[in-house]
Amino acid sequence: MEIRNLISAKGIKVTPQRMRVLEAIHKLNNHPTAENILAYIKKKDLNIGSGTVYKVLETLVENNLIKKVKTEKDVMRYDGILENHHHLYCLSCDYIEDYNNEKLDKLLVDFFNENKIDNFLIEDITVSITGNFIKHKNINH
Ligand SMILES: [Zn+2]
C-alpha cells in the first residue's frame, strides 16, 4: 500500500512530515534509529528538525503504523513490519534481523494458553534472540 494510504487509513492527517518519516523507515528497512531516519530525510529535505522527527515517530507508534524495538543498548529502534515476528540481535554489530518461525509461534501460543499469567492479558509475544552473527552483516549505521 502507498505511504499516503497507510496513514489516511488510520484516520489521521496525512502531512509531508509523517509521509517522509514513514517512507524513511520502510526504505531503510533495518530497524533504524531516530538518528538514521533523520539523516535519511535530511539528505532530501534540509528543513526537518529532530524534534519534528521524534514527534512524528511517537504519532506513528501511537497509531500502529510502526513499532518500537527495544535493544540491549538504550537506543530506540523502529520497525515498519507490523506482522508479528521475532528478532535476532547481534551484540557485536548491532544488526537486527527479522526471524520468522511458525513452529516457535505455535509453541509460544500453546505455552501461554496452558500457563496463564495472573492479572495479565497478553497482546503480543515477541522473542528477542541475542547473540553474534558468525558471518557479519553490512552495518549501515
Ligand atoms: Zn523487525
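Predicted model: local features only at pLDDT ≥ 70, side-chain atom pairs only at ≥ 80, totals over all residues.

Three strands make up an open sheet of mixed pairing, ordered β4-β3-β5. Its edges are formed by β4 (96-99) and β5 (128-131), each of which pairs on one side only, and neighbouring strands are turned against each other by 25° on average, with direction ignored. Strand β3 (residues 86-90) runs antiparallel to β4 and is joined to β4 by 4 bridges, whereas β3 and β5 run parallel and are likewise linked by 4 bridges. Of the 5 residues of β3, 4 are buried, so the strand is mostly covered.

**The zinc site**

Which residues coordinate the zinc ion? The donors are His31 (NE2), Asp79 (OD), His85 (NE2), His87 (NE2) and Asp98 (OD), at 2.1 to 2.2 Å. Along the chain these donors follow the spacing H-x47-D-x5-H-x1-H-x10-D. Because His31 lies in the loop between α2 and α3 while Asp98 belongs to strand β4, this pair ties together parts that are 67 residues apart in sequence. The two residues also fall into separate accessibility classes: His31, with a relative accessible area of 4%, is buried, while Asp98, with 25%, is partly exposed.

**The annotated cysteines**

In an unreviewed UniProt entry, the annotation "binding site" covers Cys90 and Cys93. Cys90 has its place in strand β3. Are these cysteines buried or exposed? With buried meaning under 20% relative accessible area, Cys90 counts as buried because its value is 1%, and Cys93 counts as buried because its value is 7%. Not counting residues up to four places away in sequence, Cys90 touches Tyr95, Gly131, Asn132, Phe133 and His136.

| Residue | Relative accessible area | Class |
|---|---|---|
| His31 | 4% | buried |
| Asp98 | 25% | partly exposed |
| Cys90 | 1% | buried |
| Cys93 | 7% | buried |

**The nonpolar core**

The largest nonpolar core has 21 residues, of which Val21, Ile37, Ile41, Val53, Leu57, Ile66 and Tyr78 touch the most other members. The elements giving two or more residues to this core are α1 (3-8), α2 (16-28), α3 (34-44) and α4 (50-62). Ile37 shows the contacts in detail: leaving aside its neighbours within four places in sequence, Ile37 is in contact with Val21, Ala24, Ile25, Leu28, Pro32, Val53, Leu57 and Tyr78.

Terms used
Residues numbered from 1 in each chain as written. Heavy atoms only, no water. Pairing = 2+ DSSP bridges. Axes fitted to C-alpha atoms, helices over the stretch in contact; angles between N-to-C directions. Core = buried A, V, L, I, M, F, W, Y, C linked by side-chain atoms within 4.5 Å. Buried < 20%, exposed > 50% of the residue type's maximum accessible area, 1.4 Å probe, protein only. Contact = heavy atoms within 4.5 Å. UniProt positions renumbered as here; feature names shortened; annotations may be inferred. Donors = N, O, S within 2.8 Å, 3.2 Å for Na, K, Ca; no water.
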